[in-house]
Amino acid sequence: MEPVQEKNFYWKLFKSTFIVSAFTVGGGYIIIPLLKAKYVDEYHWISDEETLNMVAIAQSTPGIMAVNTAIMLGYRMAGVRGALTGMFATVLPPLIIITIVASFYDLIAQNEQVQLVLKGMQCGATALLLNVAIDLLIKQFSKKLILPIVIIVGTFIANVFFDVNIMLLVAIDGVIGFFLLRDKKYS
C-alpha cells in the first residue's frame, strides 16, 4: 500500500488514534480489534496482515505496545510526522485520564459504581480479543496450511498448559517463521 495522501490526513490520524487510545482498556492487546475496525475495515489504510505484523513487532520491542503500534502505523502512513502524530494521539488519553484519576484517587478507588464500570469494560475487552483471535484462526484454517496452524496450536498449548513465557514463545515462533515459513508452500 502507498502512504495515504488525503486532505486533513494528520487530523484524521490524530483523531482516530486518540479515540482508539481512549478506549484501549484492559491492556495493550485490546488495541488489535480497535485498530482493525478503524484502520483496516473503515479507512482501508492498512491490511489485516500489516496490522498483525505491526502488533507483533510492537509486542516484541521495549515500551508500551499500543504506543509502539501507533508509532509504526503513523510512520507507515506518513513517515516521521505520522509517527509523531500517532505517538501523541496515543499518549494523550491515558495522560489525561491518569491525571484526573490521580487527583481523585481516593474517591474513585473506593467507588463501587466505578468498580462495576471497570469490570464491564474488562468483559467487553475480553470479548473483542476473542473475536479477533477467532477471526485470525479461521483465516489460517481457510488457507489449509499445516505449519502455521501447528505454530498457533503449539504456542497456545505451551503458554496455557505449560506456562511458557509468552516472550520466549514469540521469539521461538519468530525463529520458526524465519527458517520454515520462508518457503511459500508453508506460508
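Helix H1 passes helix H2 in a right-handed crossing, where a crossing is right-handed if the near helix is turned clockwise from the far one by less than a right angle, and left-handed if anticlockwise. The model is predicted, with local features requiring pLDDT of at least 70 and side-chain atom pairs counted only at pLDDT 80 or more, whereas totals for chains, interfaces and linings use all residues. Residues are numbered from 1 along each chain as its sequence is written, and side-chain values rest on heavy atoms, with hydrogens and water left out.

The protein chain contains eight helices and zero strands, helices being DSSP runs of H or I with at least four residues and strands runs of E with at least two, numbered from the N terminus. Along the sequence the pattern is α-α-α-α-α-α-α-α. The C-alpha atoms fill a box of roughly 55 × 45 × 25 Å along the principal axes. Of the 187 residues, 29% count as buried, a term for under 20% relative accessible area, with exposed meaning over 50% and partly exposed in between (1.4 Å probe, protein chains only). Among contacts (heavy atoms within 4.5 Å) between residues at least 6 apart in sequence, 58% join residues at least 24 apart.

Two packed helices are described by the angle between their axes and the distance between the axes. Axes are lines fitted to C-alpha atoms, for helices over the stretch in contact, and angles run from 0 to 180 degrees between N-to-C directions. H1 and H2 pack at an angle of about 150 degrees, with axes 10 Å apart. H1 is therefore roughly antiparallel to H2, the description applied to angles over 145 degrees. Leu13, Ser16, Thr17 and Val20 of H1 form the contact with Ile31, Leu34, Lys38 and Tyr39 of H2. These residues divide into five nonpolar, two polar and one charged; Ala, Val, Leu, Ile, Met, Phe, Trp, Tyr, Cys and Pro count as nonpolar, Asp, Glu, Lys and Arg as charged, and the others, Gly among them, as polar.

His44 lies in the loop between H2 and H3; its phi is near 60 degrees, a positive value in a residue other than glycine. With a relative accessibility of 55%, His44 counts as exposed.

Leu137, Gln140 and Phe141 of H6 meet Pro148, Ile149 and Ile152 of H7. This contact comprises five nonpolar residues, one polar and no charged.

H7 (residues 146–160) also packs with H8 (residues 166–180), at about 165 degrees and with axes 10 Å apart, which means that H7 is roughly antiparallel to H8. Their crossing is right-handed. Leu147, Ile151, Thr155, Ala158 and Asn159 of H7 make the contact with Ile166, Leu169, Asp173, Ile176 and Leu180 of H8, a group of seven nonpolar, two polar and one charged. In the loop between H7 and H8 lies Asp163, which has a positive phi of about 55 degrees although it is not a glycine. Asp163 counts as exposed, at 68% relative accessibility.

Note on methods: Parallel < 35°, antiparallel > 145°, perpendicular 65-115°, else oblique.
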